[in-house]
Every structure is written in C-alpha cells, then in structure tokens.
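Colleague: I am new to this model and would like to go through it piece by piece. Could you put it on the screen before we start?

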Amino acid sequence: MIPFNKPFLTGKEVQYINKANNLGQISGDGFFTKECQKWLEKNTSAKLALLTNSCTAALEIAAILADIKKGDEIIMPSYTFVSTANAFTLRGGKPIFADINPFTMNIDFNEIEKLINERTKAIVPVHYAGFGCDMDQISKIAKKYNLLVIEDAAQAVLSEYKGKALGSIGDLGCYSFHETKNIIAGEGGALLVNNERFIERAQYIREKGTNRTLFNKGLIDKYTWVDIGSSFLPGELTAAFLLAQMEQAKIITKERVEICNYYYKGFKEISDEGLVSVPLSLKSNMHNGHMFYLIHPSAKQRDLFIEKMREKGVMVVFHYIPLHNSPYAMKNFNTKSLKLPITESLYKRISRIPVWIGVDKEYVLKSAIESLYEIKKTYK
C-alpha cells in the first residue's frame with residue numbers, strides 16, 4: 001500500500017538531536033529554537049517568529065493577543081481544522097462561519113463583509129493546501145472595520161501571495177510542523193508576529209505569562225508573572241529535528257511542487273471529459289506543494305474513487321467535515337440552520353492523493369486515471 005503520507009528525513013535530524021543533548025539544554029528556547037526562529041524571520045520577513053509546540057498553540061496565543069472575550073465574534077471558514085475555531089472558543093469567542101470560494105477552497109472574501117457587526121474582532125483566513133487567500137481584499141475589509149487579521153497558515157510554509165510569505169501578511173500568522181506537513185518536527189508550530197504592538201506581549205504569553213525572555217537576554221535581574229499565558233514552548237529536541245528540515249526546506253518544497261505539477265498535467269489531459277476537476281489555484285498562485293486534491297462530480301463517485309484506489313494499493317483520503325455541521329457547533333453556536341452551499345457541496349466531493357518525496361507518482365496518476373474511467377463506465 002502506498003501510504004497517504006510518509007515523513008521525509010533529510011539525514012541530519014538525529015545528528016542535531018544528539019548535538020542538542022550534548023549542549024546540555026533540552027528544554028525550550030535553546031540554541032536550536034533560536035536558529036529555527038532566525039530561519040523563519042529570514043524567510044518570511046516577520047518582525048518576530050516564536051516556535052510553539054503546535055500550530056494549535058500558536059492560534060491560542062493569537063487569540064489571547066487579540067484579547068478575545070466572551071461574545072466576541074471571529075469570522076473564519078467552516079471548511080477548516082477544528083483548531084482554527086477552538087483557539088478562539090477557549091477564550092469565550094464565537095466563530096462565525098463563512099462559505100468558501102469553489103476555485104480555491106479558501107474563504108470567499110465576498111462573504112466576509114456581510115457577517116461583520118459590532119461584536120466582530122478578527123478575520124481568520126485559512127490558506128487551504130498552501131494556496132493563498134485573497135489577502136488584498138481581506139486586508140482591505142479588515143482595515144475598513146478596524147479588525148485584526150490572523151492567518152491560519154498551517155499548510156502554507158514557503159507559500160507566497162504576490163511575493164509575500166503567507167503568514168506574514170496579517171497581524172499574526174500561524175504555522176504547523178506536524179508530521180503531515182511539508183517541513184516537520186513530529187509536532188510543532190510557530191507564531192509569526194507582524195504587528196509590532198504584539199511583540200512584547202507575545203513573548204510573555206508564550207513563556208507562561210512571565211518576562212523570562214527579558215531575563216534570558218540579561219535585560220532584567222529576575223523574572224516574574226506579568227500576564228496570562230501557558231507553556232507553549234517546544235523542547236530543544238523538537239527544534240533540533242526541525243532545524244535539519246528547515247535547512248532543506250526549499251529543496252523539499254521544490255520536489256513536492258514538481259509532484260503536484262506532474263499530477264496537474266496528467267489530470268488536465270482528461271479534464272474535458274468531466275471525470276474530475278483539479279485545483280485551478282495551481283495555475284496562478286505560488287504554492288508549496290503541500291497537497292493535491294480532486295473534486296469529483298458527486299459524493300458517490302468520490303467514495304467509489306477512494307475505494308478503487310485502495311484496491312490498487314494507493315491510500316486516498318478526504319478532508320474536513322465542515323465545522324458548522326459538527327455536534328459542538330450546532331449545540332453551542334446554533335449552526336444547525338446555517339447554510340453554506342459551496343462548503344456543503346465540495347466537502348462531500350473532495351479526495352486527496354499522496355504527495356510525499358519518493359512517492360511513485362507515475363503509479364498513483366496511472367491508478368487514478370484508470371479508476372476514474374472505471375467509475376465513468378458505472379455512471380454512463
């Protein structure tokens with residue numbers, strides 16, 4: 001079976017982990033954490049990058065920085081991972097779910113303005129599959145209503161929007177280094193601080209609400225409790241593993257993009273037959289090769305495609321159940337009657353095929369096309 005995901009190792013991960021151990025500090029904010037943060041700041045132009053133990057943690061810091069309180073509303077797509085909403089719900093906020101653009105799977109900026117009211121505090125665009133949301137329009141709306149923009153860029157490390165790194169455009173940006181992402185640490189994430197007014201407080205929150213960062217820099221003689229916060233730091237062993245990945249990040253990205261482009265070309269050759277639709281964003285956006293997805297004509301055809309691909313030895317999966325359809329949202333945010341037609345149509349028809357370095361892309365594409373023609377015969 002060709003797995004859906006297989007972690008790629010550069011070869012230096014164990015060497016760097018051993019070095020971290022030999023340096024005598026395996027708790028957070030040591031040599032390797034600092035090197036990872038330098039890499040992020042250099043490659044995104046963020047004013048400050050802070051490693052976290054997950055993208056979820058980065059989102060939770062962002063929610064605290066946004067001063068989310070009970071009753072505050074945060075606009076986001078329903079088609080996203082639960083952490084996008086959970087981070088704000090934990091602070092008492094209410095996610096307001098918007099529909100997505102059928103061509104990008106990202107939040108439809110045309111839907112945002114009609115959802116804004118006096119309780120709205122922030123917009124959270126999610127860059128699905130590493131394809132950038134329309135950040136010009138989102139930033140324009142946020143400026144008009146004095147709202148924060150917090151980018152969920154979990155899937156978008158080294159993706160760009162008009163020459164700018166995704167995650168570096170809004171007030172705050174959040175990355176993931178989970179095993180399923182391009183650049184990995186097993187579990188891990190980062191917060192990009194792009195708005196200067198959050199720089200100092202972000203460091204306090206990440207360090208359990210203390211000013212320990214200033215102490216470590218020798219700027220104060222002792223540290224103490226100055227704000228709310230939690231333990232959001234990864235350990236040095238995680239950072240050591242991550243640095244080995246970051247040093248090869250551009251090579252990893254290039255190879256994944258090449259796999260996606262290979263799939264794109266192959267599926268485009270049969271696109272006129274109506275068997276399946278491919279991501280149009282591949283034509284116009286600077287993406288990072290994180291994911292290749294297909295949109296099928298119906299839910300039954302999608303399910304049959306997944307079944308046939310698994311019979312051929314290729315693990316194919318689908319993605320999120322929309323959050324507004326979840327038991328928690330329906331119970332706590334009264335979303336049972338909420339209608340998001342594009343989201344509700346596409347989530348039932350999407351499939352994702354394997355994209356990882358070393359995957360037998362020729363066999364995957366061949367199997368996929370064969371499966372699609374077999375399904376076509378069934379639905380004549």
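Colleague: Where does the largest share of the lining of the largest pocket come from?
Modeller: On a 1 Å grid over the protein atoms alone, a pocket is an open set of points with protein on both sides within 12 Å along at least five of seven lines, a cavity is a set where a 1.4 Å probe fits but cannot get out, and lining residues have an atom within 4 Å of a point. Helices (H or I, at least four residues) and strands (E, at least two) are DSSP runs numbered from the N terminus. Helix H3 (55–65), helix H4 (82–89) and strand S11 (350–353) each give at least two residues to this lining, and the largest share, 3 residues, is that of H3.

Colleague: From which number are the residues counted along each chain?
Modeller: This is a predicted model, in which local features need pLDDT of at least 70 and side-chain atom pairs count only at pLDDT 80 or more, while totals for chains, interfaces and linings use all residues. Side-chain values use heavy atoms, with hydrogens and water left out, and along each chain, as its sequence is written, the residues are numbered from 1.

Colleague: What is the volume of the largest pocket?
Modeller: Its lining consists of 30 residues, with Gln 155, His 178, Thr 180, Lys 181 and Tyr 320 nearest the centre. By class there are 11 nonpolar, 14 polar and 5 charged residues, where Ala, Val, Leu, Ile, Met, Phe, Trp, Tyr, Cys and Pro count as nonpolar, Asp, Glu, Lys and Arg as charged, and the others, Gly among them, as polar. The space filled by probe spheres set on the points, which are joined across faces, edges and corners, gives the largest pocket a volume of about 570 Å³.

Colleague: How many charged residues are in the lining of the second largest pocket?
Modeller: The second largest pocket has a volume of about 410 Å³ and is lined by 16 residues, of which Lys 34, Gln 37, Gln 203, Thr 213 and Lys 217 are nearest its centre. Helix H6 (199–206) is among the elements that supply at least two residues, and the largest share, 5 residues, comes from H6. Divided by class, the lining holds 5 nonpolar and 4 polar residues, while the charged ones number 7.

Colleague: Which residues line the second largest cavity?
Modeller: The structure holds 2 cavities of 30 Å³ or more; the largest has about 70 Å³ of space, and Lys 6, Phe 8, Lys 181, Asn 182 and Arg 256 lie nearest its centre among 13 lining residues. The residues concerned are Ala 154, Gln 155, Ala 156, Val 157, Ser 176, Lys 181, Asn 182, Ile 183, Asn 288 and His 290.

Colleague: Which strands stand at the edges of the sheet of 7 strands?
Modeller: Strands of a sheet pair through backbone hydrogen bonds, either parallel or antiparallel, and two strands are taken to pair if DSSP finds at least two bridges between them. This sheet is open, with mixed pairing and the order S1-S9-S8-S5-S4-S2-S3. Each edge strand has a single partner, so one side of it is left without a neighbour in the sheet, and these strands are S1 and S3 (94–98).

Colleague: Which residue is the bridge partner of Asp 152 in S8?
Modeller: S8 (residues 172–176) is largely enclosed by the rest of the structure, because 5 of its 5 residues are buried, that is, under 20% relative accessible area, with exposed meaning over 50% and partly exposed in between (1.4 Å probe, protein chains only). Leu 172, Cys 174 and Ser 176 point one way from S8, and Gly 173 and Tyr 175 the other way. S8 pairs with strand S9 (residues 189–193) in the antiparallel sense over 5 bridges, and Ser 176 stands opposite Gly 189 there. With strand S5 (residues 148–152), S8 pairs in the parallel sense over 3 bridges, and the partner of Asp 152 is Cys 174.

Colleague: In S3, which residue is the bridge partner of Met 76?
Modeller: Strand S2 (residues 73–77) pairs with S3 in the parallel sense, over 5 bridges. Within this pairing, the S3 partner of Met 76 is Phe 97.

Colleague: What distance separates the C-alpha atoms of Tyr 373 and Leu 275?
Modeller: Tyr 373 belongs to helix H13 (residues 361–378) and is partly exposed, with a relative accessible area of 29%. Leaving aside residues up to four places away in sequence, Tyr 373 touches Ile 270, Glu 273 and Leu 275, where contact means heavy atoms within 4.5 Å. Although Tyr 373 and Leu 275 are 98 residues apart along the chain, their C-alpha atoms are separated by 7.6 Å.
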